[in-house]
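Me: Could you walk me through this model, one question at a time? I would like the cut-offs along the way.

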Amino acid sequence: MDDDTNKDAGGYSRAQFPTLKKNFENIDMWTPQFLATATLKSYDLALEYEPGMVDPDMPASANEVITDPESRKKADKALRRNKMAMAALCLSFTHQRQMRI
């Protein structure tokens, strides 16, 4: 099998995010699989959950004005990573109750 079959047009991994079962039966496997897939897709910085571990390029607030073009570009990428990570997280749930964890 060709190594490029699991890549999209940009050369990035098409790995699928795991879904969390309704009663959280698979949460022990879901968590590391979700984080591993997020790492492959470069969303892992947006998902760090330990205190003080945030994406260094993420603006402090939505109202922050960034005038430096290079910093603005980094901030835009960080915001996109965050949006993609949140979408992936939401789509991995199979039941509305899971959104409350």
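Reply: Gladly! One definition to start: the expected span of a helix is 1.5 Å times one less than its number of residues. Helices (H or I, at least four residues) and strands (E, at least two) are DSSP runs, numbered from the N terminus. This is a predicted model, where local features need pLDDT of at least 70, side-chain atom pairs count only at pLDDT 80 or more, and totals for chains, interfaces and linings use all residues. Residues are numbered from 1 along each chain as its sequence is written, and side-chain values use heavy atoms, leaving out hydrogens and water.

Me: How far apart are the end C-alpha atoms of H2?

Reply: H2 has 23 residues, so at 1.5 Å a residue it should span 33 Å. The model agrees, with the end C-alpha atoms of H2 apart by 33 Å.

Me: How confident is the predictor in the chain, as an average pLDDT?

Reply: pLDDT is the predictor's confidence in each residue, from 0 to 100. At least 70 is the score of 78% of the residues. Over residues 1-6 the pLDDT is below 50, and this stretch has five contacts (heavy atoms within 4.5 Å) beyond near neighbours in sequence. The chain average is a pLDDT of 78.

Me: Which helix do the buried residues of H1 pack against?

Reply: Buried means under 20% relative accessible area, exposed over 50%, and partly exposed in between (1.4 Å probe, protein chains only). In H1, the buried residues are Trp30, Phe34, Thr37 and Ala38. Seen down the axis of H1, they fall within an arc of 100° (taken from the directions from the helix axis to the C-beta atoms), so they line one face. Their packing partner is helix H2 (69-91).

Me: Which exposed residues does H1 carry on the face turned away from its buried side?

Reply: An α-helix has 3.6 residues a turn, so residues three or four places apart point the same way. On H1, the face turned away from the buried side carries the exposed residues Asp28, Met29 and Leu40.

Me: Are the rings of phenylalanine 17 and phenylalanine 34 stacked, edge-to-face or tilted?

Reply: Rings of Phe, Tyr and Trp (its six-membered ring) pair if their centres lie within 6.5 Å; planes under 30 degrees apart count as stacked, over 60 as edge-to-face and the rest as tilted. By this rule there are four aromatic pairs. For phenylalanine 17 and phenylalanine 34, the centres are 4.8 Å apart and the planes at 40°, so the pair is tilted.

Me: Which residues form the aromatic cluster?

Reply: Phenylalanine 34 is buried, with a relative accessible area of 3%, and phenylalanine 17 also counts as buried, at 19%. Both belong to one cluster, formed by Phe17, Trp30, Phe34, Tyr43 and Phe93.

Me: Which residue forms a salt bridge with arginine 81?

Reply: A salt bridge is a side-chain nitrogen of Lys or Arg within 4 Å of a carboxyl oxygen of Asp or Glu, and the count comes to two. Arginine 81 in helix H2 is 26 residues from its partner, which lies in the loop between H1 and H2. The closest N and O atoms are 2.5 Å apart, and the partner is aspartate 55.

Me: And how far apart are the closest N and O atoms of arginine 72 and aspartate 76?

Reply: Both residues lie in helix H2, four residues apart, about one turn of the helix. Arginine 72 is partly exposed at 25% relative accessibility, as is aspartate 76 at 40%. They form a salt bridge, with the closest N and O atoms apart by 2.6 Å.
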